[in-house]
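User: Please walk me through the structure below, one question at a time.

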Amino acid sequence: MNPNVKNNPWYWVPPLYLTEGIPYVLIITVSVIMYKKMGIDNADIGLYTSFLYLPWVIKPLWSPLVDIYSTKRKWFLKMQLLLALAFLGVGLSIPTNQFFVLSLACFWIASFASATNDIASDGFYLLALKEDQQSFFIGLRSTFYRVAMVTGQGLFVILAGYLETYYGDNSKAWSLTMILVAGLMFVLTLINLWATPNIEKESTYIKQESLTFAKVFSSFFQKKGIWVALAFILMYRLGESQLVKMASPFLLDGREVGGLGLSTSDVGLIYGTFGIIALSLGGIMGGIVISKDGLGKWMLPMILSLNIPNFFYYLLAYFQPESVFYAGFVVVVEQLGYGFGFAAFMMYLIYVADGPSKTSHYAIATGFMALGMMLPGMISGYVQQWLGYEGFFLWVVAAAIPGILLVKLVKFPYDYGKKKG
């Protein structure tokens, strides 16, 4: 194969981030649907599937190992193969009498493998691309990560539903679905083996004798201005992290309790087609303008674009329009703004992680990003019940203010991410 073709990011960025996103959505979201259809009660579903999110929050604890041992490419290829085997284990365990315990064990293996795959894939992205390329392709990688979300939460759930009807047996349907997921993961592993360039040599990763785990971890917190940076990372999506949990329930809830009373099919159509198109366009545009002008010019407009459209949800809750068009319009605007604004956030995380241990430092930064999504999301349902939908959406808008104010305090080069020449 022509090495110039293989080194082309257009060939390897899409499959790499498709492989990063599919396991995440299967483990965090689709597992909930599967266990519900398999007759597990809500208390057990909520308790045990919530713990599956933990590896993404604590992955900074072992991220230095990915820097210290072997290459990023070897790490993510091994983890992707392990993910294929773990999902195969889920599929094979479902028909057994102890399916809940056995499948959870396989999901736990998959969650740690997926979090480690994220570390290695993101580290490879930082090593393989120059700064201006990182900003340009940030939209493409975000787009294919979101395509993975739709593939997992949309296509595989639809397939499982079809098989439930076809076989009249939920256990058989979900077993076959998970086996097919395993097959897809194996194929994607082979594609990444073929598509990703072998750019890393002995000198490109950090050797154990020159850097210890403690040094890698502690050096992140010694960066100049790191505490303001961490506050900004935690606050950037403070409003969005709560909205994302309650938006779908709002659209589905009956009008008598303040919702819009839309059908599941309507919500699936809005988010799965128009929403993903808007999200993709926003992400691509965000990457392009940062690579053209630099992060400094776009940071404030992008955080505003991510948060201002949330006010339209308040208007939906206040007026409760009957036409699905208005809900679709608001979701499209919000997803377009989210994709555009999230590009700046990802580029800032890359800046914070820059340095000799960028792979593990990026993992630490994204761990704080995950924490900034997890903690507000955990209380969002209680806040919504307390304030009602109208009050909740006003709170979501207000929650964005601290992050917006912190834009003036965070430090980074004005032209960071700008394409050179």
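User: Thanks! How many helices and strands does the protein chain have?
Analyst: Happy to start there. This is a predicted model, in which local features need pLDDT of at least 70 and side-chain atom pairs count only at pLDDT 80 or more, while totals for chains, interfaces and linings use all residues. Residues are numbered from 1 along each chain as its sequence is written, and side-chain values use heavy atoms, with hydrogens and water left out. Taking helices (H or I, at least four residues) and strands (E, at least two) as DSSP runs numbered from the N terminus, the protein chain has 18 helices and zero strands.

User: What is the radius of gyration of the protein chain?
Analyst: The radius of gyration is taken over C-alpha atoms, and the globule rule is 2.2 Å times the number of residues to the power 0.38. For 421 residues that rule gives 22 Å, and the chain's value is close to it, so the chain is as compact as a globular protein of that length. Along the principal axes, its C-alpha atoms fill a box of roughly 60 × 50 × 40 Å. The radius of gyration itself is 21 Å.

User: What percentage of the 421 residues are buried?
Analyst: Here buried means under 20% relative accessible area, exposed over 50%, and partly exposed in between (1.4 Å probe, protein chains only). Across the 421 residues of the protein chain, the buried share is 53%.

User: Among contacts between residues at least 6 apart in sequence, what share joins residues at least 24 apart?
Analyst: A contact means heavy atoms within 4.5 Å. Of the protein chain's contacts between residues at least 6 apart in sequence, the share joining residues at least 24 apart is 84%.

User: At what angle do helix α15 and helix α17 pack?
Analyst: Axes are lines fitted to C-alpha atoms, for helices over the stretch in contact, and angles run from 0 to 180 degrees between N-to-C directions. Angles under 35 degrees count as roughly parallel, over 145 as roughly antiparallel, 65 to 115 as roughly perpendicular and the rest as oblique, and α15 and α17 are therefore roughly antiparallel. The axes of α15 (residues 311-319) and α17 (residues 358-399) are 8 Å apart, and the packing angle is about 170°.

User: How many nonpolar, polar and charged residues are in the contact of α15 with α17?
Analyst: From α15 come Phe-311, Tyr-313, Tyr-314, Ala-317 and Tyr-318, and from α17 come Tyr-389, Glu-390, Phe-393, Leu-394 and Val-397. Ala, Val, Leu, Ile, Met, Phe, Trp, Tyr, Cys and Pro count as nonpolar, Asp, Glu, Lys and Arg as charged, and the others, Gly among them, as polar. By class, the contact has nine nonpolar, no polar and one charged residues.

User: Which residues do salt bridges that share partners join into one network?
Analyst: A salt bridge is a side-chain nitrogen of Lys or Arg within 4 Å of a carboxyl oxygen of Asp or Glu, and the count comes to two. Lys-292, exposed at 56% relative accessible area, meets Asp-293 at 3.5 Å, N to O. Lys-297, partly exposed at 44%, has its closest N to O approach to Asp-293 at 3.7 Å, while Asp-293 is buried at 17%. The network is made of Lys-292, Asp-293 and Lys-297.

User: Which residues does Met-299 touch, not counting those up to four places away in sequence?
Analyst: Met-299 sits in helix α14 (residues 295-307) and is buried, with a relative accessible area of 1%. Beyond its sequence neighbours up to four places away, Met-299 touches Phe-232, Tyr-236, Ala-344, Tyr-348, Val-407 and Phe-412.

User: How far apart in space are Leu-83 and Phe-112, C-alpha to C-alpha?
Analyst: Leu-83 belongs to helix α6 and is buried at 0% relative accessibility. Not counting residues up to four places away in sequence, Leu-83 touches Pro-23, Ala-110, Ala-113, Ser-114 and Met-185. Leu-83 and Phe-112 are 29 residues apart in sequence, and their C-alpha separation is 9.3 Å.

User: One last thing: what is the phi of Ser-70?
Analyst: Ser-70 lies in the loop between α5 (63-68) and α6 (72-93) and is partly exposed, at 23% relative accessible area. Although Ser-70 is not a glycine, its phi is positive, at about 65°.
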